[in-house]
Amino acid sequence: MKNLSTDAQTVITNYDYYSKKLDFQTTLNILLHGVYEEYPSYCEVSRAFLDQRLCCEIGIESINHSRLSRCLIEVDATVLMEIFRNLVGDIQQKQSATKRNSLQLIDSTTIPLNQHLFSTKLGIKLHH
């Protein structure tokens, strides 16, 4: 976190200032735990934190799914991207990429398209 840009550090400072219960680092830890465990929803993440050992490890008393949802909405994606880039840069400095150890990322975001607009521009006739 110390190697982040001034803008990213300002965003994190503002996040911490305006958040009531969860600071940026704790929110990030909860998010990473949910991703690592592949929880499908905020409800599943909050259920995991019924385990007091996990709460103690993360540094919270408890979390509910609505609080988690509100906190994660406030996390700036550009800061997360900068953290990711820094981590990748650190890994690349320690070990050069080869075909065997390289990381392949796939974005599976679904983007809805305006069928009428694209069919008109591409000259495709769509049947319903």
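Predicted model: local features only at pLDDT ≥ 70, side-chain atom pairs only at ≥ 80, totals over all residues.
If you walk along the sequence, the pattern reads α-α-α-α-α-α-α. The protein has 128 residues, and 23% of them count as buried.

**The largest pocket**

- Start with the space itself: the largest pocket has a volume of about 430 Å³.
- It is lined by 14 residues, and the ones closest to the pocket's centre are Leu32, Leu80, Ile83, Phe84 and Leu87.
- Two elements, α2 (24-37) and α6, each give two or more residues to this lining.
- The largest share belongs to α6, which supplies six residues of the lining.
- What sort of residues make up the lining? They split into 10 nonpolar, two polar and two charged.

**A nonpolar patch on the surface**

- Over on the surface, Met81, Phe84 and Leu105 come together as a nonpolar patch.
- Taken together, these three residues have about 280 Å² of accessible area.

**Zooming in on Leu105**

- Where does Leu105 sit? You'll find Leu105 in the loop between α6 (77-94) and α7 (115-122).
- Is Leu105 buried or exposed? Leu105 counts as exposed because its relative accessible area is 60%, and the cut-off for exposed is over 50%.

Terms used. Residues numbered from 1 in each chain as written. Heavy atoms only, no water. Patch = residues over 30% accessible without salt bridge, like charges linked within 9 Å, V, L, I, M, F, W, Y side chains within 5 Å. Areas by Shrake-Rupley, 256 points an atom, 1.4 Å probe, with all protein chains shown as cover. Salt bridge = Lys/Arg side-chain N within 4 Å of Asp/Glu carboxyl O. Helix = DSSP H or I, 4+ residues; strand = E, 2+ residues; numbered from the N terminus. Buried < 20%, exposed > 50% of the residue type's maximum accessible area, 1.4 Å probe, protein only. 1 Å grid on protein atoms, 1.4 Å probe; cavity = no way out; pocket = protein on both sides within 12 Å on 5 of 7 lines; lining within 4 Å. Points joined across faces, edges and corners; volume = space filled by probe spheres on them. Nonpolar A, V, L, I, M, F, W, Y, C, P; charged D, E, K, R; others polar.
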